[in-house]
Amino acid sequence: MEKKKFLETESDIQTLMERLFPICRSITGNGVRETLRILQEYIPLVTHEVPTGTKAFDWTVPKEWNIRDAYLLDPQGKKVIDFKKSNLHVVNYSIPINTRLPLNKLQEKLHSLPELPDAIPYKTSYYNENWGFCLTDAERQELPDGEYEVVIDSTLADGSLTYGELYIPGMEKEEILLSCYICHPSMGNDNLTGMVLLSLLAQELLSQKEKSRYSYRFLFLPETIGPIVWLSQHHAEVSKIFYGLVATCVADSGPFTYKKSRRGNTVGDRAVEVALRDLQKEHSIIDFFPSGSDERQYCSPGLDLPVGSLMRTMYGKFKEYHTSADNLDFVSAKNIIDTAGVYRETLTILDKNATYMNQNPFCEPQLGKRGLYVSLGPAKNEETNETAMFWVLNYSDGKHSLLMISEMSGIAFRTIRHVADLLLAHSLLK
Amino acid sequence: MEKKKFLETESDIQTLMERLFPICRSITGNGVRETLRILQEYIPLVTHEVPTGTKAFDWTVPKEWNIRDAYLLDPQGKKVIDFKKSNLHVVNYSIPINTRLPLNKLQEKLHSLPELPDAIPYKTSYYNENWGFCLTDAERQELPDGEYEVVIDSTLADGSLTYGELYIPGMEKEEILLSCYICHPSMGNDNLTGMVLLSLLAQELLSQKEKSRYSYRFLFLPETIGPIVWLSQHHAEVSKIFYGLVATCVADSGPFTYKKSRRGNTVGDRAVEVALRDLQKEHSIIDFFPSGSDERQYCSPGLDLPVGSLMRTMYGKFKEYHTSADNLDFVSAKNIIDTAGVYRETLTILDKNATYMNQNPFCEPQLGKRGLYVSLGPAKNEETNETAMFWVLNYSDGKHSLLMISEMSGIAFRTIRHVADLLLAHSLLK
Amino acid sequence: MEKKKFLETESDIQTLMERLFPICRSITGNGVRETLRILQEYIPLVTHEVPTGTKAFDWTVPKEWNIRDAYLLDPQGKKVIDFKKSNLHVVNYSIPINTRLPLNKLQEKLHSLPELPDAIPYKTSYYNENWGFCLTDAERQELPDGEYEVVIDSTLADGSLTYGELYIPGMEKEEILLSCYICHPSMGNDNLTGMVLLSLLAQELLSQKEKSRYSYRFLFLPETIGPIVWLSQHHAEVSKIFYGLVATCVADSGPFTYKKSRRGNTVGDRAVEVALRDLQKEHSIIDFFPSGSDERQYCSPGLDLPVGSLMRTMYGKFKEYHTSADNLDFVSAKNIIDTAGVYRETLTILDKNATYMNQNPFCEPQLGKRGLYVSLGPAKNEETNETAMFWVLNYSDGKHSLLMISEMSGIAFRTIRHVADLLLAHSLLK
């Protein structure tokens with residue numbers, strides 16, 4: 001395997017973001033292939049091509065879309081919309097068109113946002129053959145009357161759907177799923193940075209000297225149809241998914257939002273909460289709801305996988321959402337690193353969680369004779385390792401995991417894990 | 001059956017209220033019969049006469065009480081209390097009396113409210129033979145010393161207890177019970193308007209072209225002894241009661257109060273909450289407590305029927321309660337219509353509630369190809385039919401009813417029901 | 001048995017407090033024996049001596065510690081620390097020492113509290129042989145340089161651990177455990193007053209004419225090692241413990257704090273809450289946590305006994321905690337009596353709690369014909385005995401105890417118990 005590029009510094013991350021940003025991605029086509037190829041310089045993604053027409057539960061893989069150019073010439077021949085300036089200018093999956101239309105007819109095919117007059121909206125028409133242009137409302141107001149030349153040089157033809165996958169085997173077959181979507185064109189928070197975040201986490205896991213406890217599966221898929229295809233082809237294996245996270249909207253400056261899995265109270269859901277608490281991140285926790293991103297598929301009722309979504313500001317809740325204002329200024333490498341810290345802490349908690357049995361369940365064991373108790377007590381300060389040890393000893397009854405003890409006590413999981421290791425070393429736990 | 005009078009306009013309702021108001025009702029007697037006879041002009045109530053002495057669980061049907069006149073003449077022969085002016089002037093169920101008493105002796109038999117000096121209190125002495133007069137405290141302070149002539153021209157004799165019943169068969173034998181009490185004399189919120197409200201609802205149900213899902217049973221009974229008699233004679237059948245509501249205090253201008261059934265979380269209890277939410281009515285929900293009105297009997301521990309009470313301001317919580325100030329000015333036809341809207345919505349929710357199975361439980365079905373999805377998405381506005389469809393599809397797993405989905409999602413039950421019908425039409429639900 | 005001294009007035013209590021205060025207690029030794037001997041003047045405590053070296057679960061009974069004198073002479077021969085003035089001046093369980101040390105060396109053995117410069121801290125070194133002196137920080141700052149004479153005239157030798165026990169048989173073998181610790185030297189809230197409180201309660205129980213329902217066991221033990229020894233020697237019998245309370249910090253002026261048992265929702269835990277509510281005591285309820293006092297041993301995972309702790313201001317939450325400022329001015333006989341009221345109410349609730357079956361479960365029984373209902377109703381005031389009777393009748397379904405009915409209704413347990421007795425007398429309950 002060739003030498004990889006690393007994502008260690010903010011500058012490394014910024015470089016990758018800037019390379020990925022201009023590419024015109026969609027749910028199929030060369031934009032996705034180019035995106036995955038760049039990511040392969042960083043992590044050993046395996047790419048899959050699923051042919052047009054392939055059945056996937058209730059769905060069918062659509063035709064492949066590719067676009068070379070698109071523009072609008074005004075009556076004076078001035079290029080008033082140019083795909084080369086922003087790929088958001090074209091309704092994603094637009095069929096090819098080459099025609100002349102008067103402005104009043106053309107208006108039906110134009111999309112802008114009066115409430116955000118300087119932003120180009122992001123529009124798609126995946127499963128309904130159509131075409132259109134998006135532009136800022138300011139530009140739209142300036143369009144002169146008359147006949148326009150309309151060109152979209154695209155193709156919609158049999159081809160395939162492309163996705164990337166990376167499986168990192170752990171000591172156990174149970175796996176943790178980390179999923180992001182790769183179909184959105186030039187937008188930062190949704191979801192260029194999701195891809196970067198997962199690449200960063202994958203690199204870290206690959207560079208560990210020892211195998212993780214859980215296996216990890218990273219999926220880089222087009223939204224909706226991607227997980228539907230993957231799940232339909234791996235239906236029997238999903239029971240191995242111990243927990244999963246959908247990475248989207250991970251790089252704005254807002255506080256964290258955790259959208260729980262449909263089951264709502266899985267070990268993974270609780271690990272995220274403890275990670276956010278321990279890292280003292282401002283956050284809100286919201287219940288699952290069946291709109292949103294790919295957790296919709298993972299949490300469909302026939303599957304009901306324990307998959308949540310850890311975000312900064314949630315989709316639809318920031319005004320730049322689904323517009324050209326969700327650009328590289330709206331996100332930052334710093335925020336990706338910050339969000340990665342919470343993902344990492346969550347994975348660590350899951351990796352290190354365990355349930356033990358106190359080997360001296362009748363009254364406390366004498367910590368002092370084992371050197372585990374600071375003598376010349378009693379101390380005034382309650383928040384000591386002794387306190388954590390008392391929690392672990394008292395609740396290690398086979399029913400309470402270390403995660404639960406951390407939740408109950410309010411003591412950081414890492415402290416709980418640390419004292420559990422001390423107690424294990426003294427054969428006080430098993 | 002003769003042509004019925006209708007309760008469609010505020011004026012229709014006002015007319016009925018004004019006819020019922022002056023009647024001197026009690027738990028037995030001609031006042032109740034006259035009341036039910038008037039209601040029969042509107043709905044085909046069946047009346048039942050249960051003879052004095054009939055046993056009903058721990059109770060016995062009491063003697064029948066009738067009153068023709070009552071008054072108090074002061075030492076100058078002036079009629080200072082006159083039953084003909086307000087039937088509240090006589091303690092309800094007073095035995096006949098014709099005597100002369102000095103004021104100081106008479107005082108023991110007088111009842112007034114110093115804290116509400118212009119209101120006549122409502123007093124009864126049903127199961128303890130006694131007599132008395134009620135008057136405003138202002139009037140009482142003006143009574144001159146001397147000997148008074150005391151006349152109550154009443155009879156307390158074997159007879160019967162009268163109640164009205166209306167059964168409207170539905171497609172199912174399970175029934176919804178709507179119960180009100182008919183024993184209170186000239187008071188508006190407690191409970192003349194309860195009778196009017198249920199008459200209005202009964203008319204609506206009777207005028208439906210199609211049978212309802214549930215059967216409906218309307219009971220117009222004297223409070224306490226009425227439901228005790230009815231329950232004792234229909235003990236075996238109460239298991240058919242799917243849900244019930246006691247209608248009292250339904251026409252003042254206050255916000256709504258829902259007193260839950262003893263079980264507390266039945267489908268009916270939750271339907272009322274959703275109805276209040278969907279109609280955006282200010283309200284409070286309170287737990288069952290075993291004092292109050294006839295829900296006390298329906299929710300006695302041996303029966304524990306799912307019966308709650310949907311009110312405006314609860315009994316005992318408005319200062320006019322159990323006084324002459326609870327008159328036709330304190331209530332309004334408009335408020336009855338408003339309250340009826342919440343009763344109707346509750347009944348609709350129960351009628352239309354169902355639990356389905358998503359026929360495509362693995363990932364989402366493709367709504368677009370069925371014309372169920374607005375193309376050119378993604379839309380910015382989340383509160384669309386699509387959102388409701390995602391909720392219904394995701395939670396139609398055989399465990400979540402439409403009512404539960406409405407509760408979880410915060411989406412109006414009618415919207416949830418509407419999209420469920422769309423999904424059923426496309427065979428996406430079953 | 002000799003005539004007992006009584007704890008009836010504040011003055012009686014104050015006298016006992018003043019006798020117990022100066023004694024230098026520790027986890028073993030003559031201070032404990034002297035303390036128990038004084039208490040035996042009030043209650044017939046049985047004392048037990050458990051020899052040094054006796055195994056108790058993971059622990060071993062330590063050597064017995066006794067101390068006669070201790071002091072520090074400054075370079076001028078001035079006695080700057082004198083054990084006779086406060087036994088807190090010596091680190092409890094200090095080994096004997098007789099040496100000379102320069103101030104800089106001596107400093108390592110001195111303990112003071114810069115944040116509380118006029119208080120002597122309380123320090124112990126039970127299971128690690130060591131010695132030291134405690135003094136106010138103000139005194140410490142004044143110590144002149146030079147060589148000090150250091151004398152601790154103590155012995156640490158084989159002997160025994162002493163504890164007191166009082167068992168009061170009730171009608172049932174199930175017992176209520178009341179436990180306090182006797183090892184703390186001259187401090188008032190922690191825990192001289194805990195011993196006084198339990199003595200007062202024991203006297204009351206002993207003076208009752210009739211046997212209590214539950215048996216009572218009072219334990220006066222050194223903290224930690226005491227209950228560990230007792231539990232290890234009565235392991236098979238602990239299943240008889242129906243509920244227990246650890247009495248500590250019972251006499252400051254703060255609001256009440258109830259620390260729940262580990263199980264959290266036992267009858268006893270709930271009885272304390274109702275007692276605090278009924279007596280209208282300002283209080284907070286906190287979940288069990290496995291540091292604190294002897295509830296740590298009673299609630300260890302292998303035992304998990306239903307033992308909580310009812311305090312005023314909790315240990316560690318008042319600034320005088322574990323210092324000489326926790327003296328007889330910080331506590332009062334009045335507060336002990338006040339706290340005893342809540343203990344007593346809790347014990348009464350447990351004693352009087354029961355679950356009945358309504359003998360007329362179908363609708364209400366007719367209270368009026370039994371003289372249980374005030375006629376000339378309806379009353380305006382809801383909080384009558386009638387209301388309490390309705391609660392008891394409605395919820396006496398074999399599933400709800402009187403305590404639960406008191407909790408649900410918000411009606412004082414004593415009222416609930418009173419009406420239950422009325423209803424029992426009329427055979428309405430069984």
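Me: What rotation and what shift along its axis superpose chain A on chain B?
Reply: In general, two copies of a chain are related by a rotation about an axis and a shift along it. In this predicted model, chain A is superposed on chain B by a rotation of 120 degrees with 0.0 Å of shift along its axis, at an RMSD of 0.1 Å. The two copies are thus related as by a three-fold rotation axis. In chain A, the C-alpha nearest that axis belongs to Asn265(A), 13 Å from it.

Me: What are the values for superposing chain C on chain A?
Reply: Chain C goes onto chain A by a rotation of 120 degrees with 0.0 Å of shift along its axis, and the RMSD is 0.0 Å. The residue of chain C that comes closest to the rotation axis is Asn265(C), its C-alpha being at 13 Å.

Me: Turning to the interfaces, how many residues of chain A are in contact with chain B, and how many of chain B with chain A?
Reply: On the chain A side there are 31 residues, in contact with 24 residues of chain B. The area buried between chain A and chain B is about 2,500 Å², and carbon and sulfur atoms give 53% of it.

Me: How many salt bridges are there between chain A and chain B?
Reply: The general idea is that side chains of opposite charge can pair when their charged atoms come close. Between chain A and chain B the count is 4 salt bridges. One of the salt bridges joins the side chains of Arg262(A) and Asp397(B), at 2.9 Å from N to O. There are also 13 residue pairs in polar contact between chain A and chain B, both residues being at pLDDT 80 or more.

Me: Which elements give two or more residues to the side of chain A that touches chain B?
Reply: They are β3 (59–60), α6 (225–233) and α8 (295–298) of chain A. The residues on that side of chain A divide into 14 nonpolar, 12 polar and 5 charged.

Me: What are the contact numbers for chain C and chain A?
Reply: Here 32 residues of chain C are in contact with 24 residues of chain A. Chain C and chain A bury about 2,500 Å² between them, with 52% of it on carbon and sulfur atoms. The count between chain C and chain A is 4 salt bridges. Among the salt bridges listed for this pair of chains is that of Arg296(C) with Glu364(A), whose side chains meet at 2.5 Å, N to O. Polar contacts between chain C and chain A come to 13 residue pairs, both residues at pLDDT 80 or more. On the side of chain C that touches chain A, the elements giving two or more residues are β3 (59–60), α6 (225–233) and α8 (295–298) of chain C. That side of chain C divides into 14 nonpolar, 13 polar and 5 charged residues.

Me: How many salt bridges does a search of the whole structure find over all chains?
Reply: The search finds 82 salt bridges over all chains. One example pairs Glu172(A) with Arg213(A), whose closest N and O atoms are 3.6 Å apart.

Me: Why does the pair of Glu172(A) and Arg213(A) tie together parts that are apart in sequence?
Reply: Glu172(A) lies in the loop between β10 (160–168) and β11 (175–181) of chain A, while Arg213(A) lies in the loop between α5 (188–206) and β12 (215–221) of chain A, so the pair ties together parts that are 41 residues apart in sequence.

Me: Now the backbone. Which residues does a cis peptide bond join in chain A?
Reply: As background, most residues other than glycine have a negative phi, and most peptide bonds are trans. In chain A, a cis peptide bond joins Asp190(A) and Asn191(A), with omega about 15 degrees. Asn191(A) is found in helix α5 of chain A. In chain B, a cis peptide bond joins Asp190(B) and Asn191(B), again with omega about 15 degrees. Asn191(B) has its place in helix α5 (residues 188–206) of chain B.

Me: Is phi of Thr224(B) positive or negative?
Reply: Phi of Thr224(B) is near 65 degrees, a positive value in a residue other than glycine. Thr224(B) is in the loop between β12 (215–221) and α6 (225–233) of chain B.

Note on methods. Residues are numbered from 1 along each chain as its sequence is written. Chains are lettered from A and ligands numbered from 1 in the order in which they are written. This is a predicted model: local features need pLDDT of at least 70, side-chain atom pairs count only at pLDDT 80 or more; totals for chains, interfaces and linings use all residues. Side-chain values use heavy atoms; hydrogens and water are left out. Copies are superposed by least squares on the C-alpha atoms of residues with pLDDT of at least 70 in both. Contact means heavy atoms within 4.5 Å. Buried area is the accessible area (1.4 Å probe) that two parts lose on being put together, summed over both. A polar contact is a pair of N or O atoms within 3.5 Å; within protein, one must be able to donate a hydrogen and the other to accept it, and residues adjacent in sequence count only if both atoms are side-chain atoms. Helices (H or I, at least four residues) and strands (E, at least two) are DSSP runs, numbered from the N terminus. Ala, Val, Leu, Ile, Met, Phe, Trp, Tyr, Cys and Pro count as nonpolar, Asp, Glu, Lys and Arg as charged, and the others, Gly among them, as polar.
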